[in-house]
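Please open the model in a viewer and keep the selection panel at hand.

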Amino acid sequence: MAKGTTAMEVRADGVAVITISNPPVNALSFDVIASLQRNYAEALSRNDVKAIVLTGAKGRFCGGFDITAFGKKPKNEKPGSMSIDFLSDIVEDARKPSVAAIDGIALGGGLEVAMVCHARISTPSAQLGLPELQLGIIPGLGGTQRLPRLVGLQKALEMMLTSKAIKGREAHEVGLVDAVTSANELVNTACSWALEIVENKKPWFKSLYRTDRLPDLVEVKDVLKFARVQTKKKAPNVQHPIVCIDVIEEGIVCGPRVGLMKEALSAKMVEQSQTSKSLRHFFFAQRATSKIPNITNIGLTPRKIKKAAIVGGGLMGSGIATVLILNNFKVILKEINEQFLSAGINRVRGNLQSFVRKGQLTKEDCERKFSLLSGVLDYEQFRDADLVVEAVIEDILLKQKIFSDLEKYCHHNCIFATNTSTIDLNLIGQKTGSQDRIVGAHFFSPAHVMPLLEIVRTHQTSLQAIVDLLDMAKKIHKTPIVAGNCTGFAVNRMFFPYGQAASFLVDYGLDVYRIDNVITQFGMPMGPFRLADLVGFGVATATRKQYFQSYPERCYKSMLLLQILLEDNRTGESSRKGFYVYDDKRKASQDPDLRKYIEKSRNMGGVTQDPKVLCYILLCF
Ligand SMILES: C[C@H](O)CC(=O)SCCNC(=O)CCNC(=O)[C@H](O)C(C)(C)COP(=O)(O)OP(=O)(O)OC[C@H]1O[C@@H](n2cnc3c(N)ncnc32)[C@H](O)[C@@H]1OP(=O)(O)O
């Protein structure tokens, strides 16, 4: 059966409207490409066709090349057959103009095809971008050559290297689209535009040959040099972003046709890399997490969450409040006194302001989102909340009391979620008659930044509550994973042995900072000790206690270092002293004093350093 197609309709005014149709995102499958080529051959040969408009079915232009088809291209396919022979030589060089009518998405190959057109009209909310790098590949249908020529080198680099899409209105401001209009007017506007090109009333641009937005060669070299340095700093172990920069450079220095050929050859090369295979696996794995047999396929419809309440305005609670209001949920934040409440609310404000500083939120939007938050000191306003997330300290008795109180105030369908990272959910709900609506919603710090959300289910949690939380996760742009109610759930279950291994290495003679350094060089954002500081030793010791109780035979017993540091009030970044010391701006520095704590921990643990073990470890490092 064909995987998608295109349909062509020739209108009375002489415009052939070609519509890409391959649900759900109108991806460019081999069948779609073949059909597109047939439609173009017909449109270009028919006398009654003056111009072509390319669009996508059901409000989505095109989500790019079909990611499931990578590695399945015919082995003897000539490099550049699609990007040069078809898109450049047939579509862009045609004697009939093409205009792209973009609604919804124009991503990857979708945007590349649109850039081949002689003009682009989009809706204000359409998302346009080249996100190929996040799949471990580079744009392969001319994107590396045309995007810099349309939006300038700096903006093109930013869009490709971050893989972030921009909205229609911004695309218009930067020159990627020629006009913005409503979805209802889109195709008609594009048809009129195309006819005006034919009548010479509008310019007939070929993006590939434009040079007016490119800087001079000296500046090009400087900009690309800076981009290479930044890229290597950010992701030292991946090659494809550098390959992408090289390809862009080739096109600017040697001309766009040479650039297209280098792009075709390089795209094929990086596509075969292990990085790309892994990142493509990751793309589908991320989507598979919200498809859970016997939960999401049994016809349950998620209930609407209009108002959420959070108990506890600490680091986690304020982060969770931030992510909810950022995604337009009404939120009430409860604390136990005015002082804690205003600290929590200020933290939320600070989080929002950091988005404003980074240019990800306007000041007006920041104020609008902030107005969705209200602070309270009692449960009165919880009566119409559809979801409560408890985010207080890891104290079983306190959590039990909170959930008993919630039962008295909240309506019967309200979901009771806990952000616990360690405590058995059955214990948390033990004092309630609401075990069916108790569920884990374990966010990761900082909750408004980290993409993961662990949804923890007990044997009693209703499937409806899980479906509701999965839906909320999608709405707040988190990747949900559903885990069972066991020690460490899923993430800490994997993470704890990693921390243990780090402690083991320190006991056997390795330097804390060297371990962190090796791990960051490997590509992790921070090492295990810097991370322990960030999370705080309170959480780390609570997790450790749980592990020792649940799996004594699997634990490395020594690990006294944390305890010794805690006894000296070194609790991590929050107290400005942990494995590192921190200045006012939370900048971490190594602390020579740490050595004495390590010595003490080794002595107390009775660790005898076996030279053979030490030698083996050092060789591994
Ligand atoms: C030659 C070129 O240079 C190379 C390329 O074009 S590579 C492809 C570049 N395009 C991309 O990276 C876009 C990837 N897709 C996305 O970012 C998002 O899916 C989207 C923004 C398009 C839509 O998001 P959203 O509405 O939340 O739906 P989402 O759940 O992600 O996707 C819907 C379905 O479409 C599939 N899908 C999305 N993009 C796809 C693509 N390009 N190819 C194949 N399948 C795709 C998803 O796997 C998912 O399938 P499922 O329902 O079976 O799980």
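The notes below say what to select at each stop and what is found there.

The model is predicted: local features need pLDDT of at least 70, side-chain atom pairs count only at pLDDT 80 or more, and totals for chains, interfaces and linings use all residues. Residues are numbered from 1 along each chain as its sequence is written, and side-chain values use heavy atoms, with hydrogens and water left out.

**The ligand**

Next, display Arg 60, where a side-chain N or O atom is 2.8 Å from an oxygen atom of the ligand. At Ile 67, a backbone N or O atom lies 2.9 Å from a ligand nitrogen atom.

**The second largest pocket**

Now select Glu 394, Asp 395, Ile 396, Thr 422, Ile 423, Asp 424, Leu 427, Ala 542, Lys 545, Gln 546 and Gln 549, which line the second largest pocket (an open set of points on a 1 Å grid over the protein atoms alone, where a 1.4 Å probe fits, with protein on both sides within 12 Å along at least five of seven lines; lining residues have an atom within 4 Å of a point). Four of the lining residues are nonpolar, three polar and four charged. Because domain 2 (307-484) and domain 3 (491-620) both contribute to the lining, the pocket lies between them (bounds from an automatic or database domain assignment).

Note on methods. Nonpolar A, V, L, I, M, F, W, Y, C, P; charged D, E, K, R; others polar. Polar contact = N/O pair within 3.5 Å; in protein donor to acceptor, adjacent residues only side chain to side chain.
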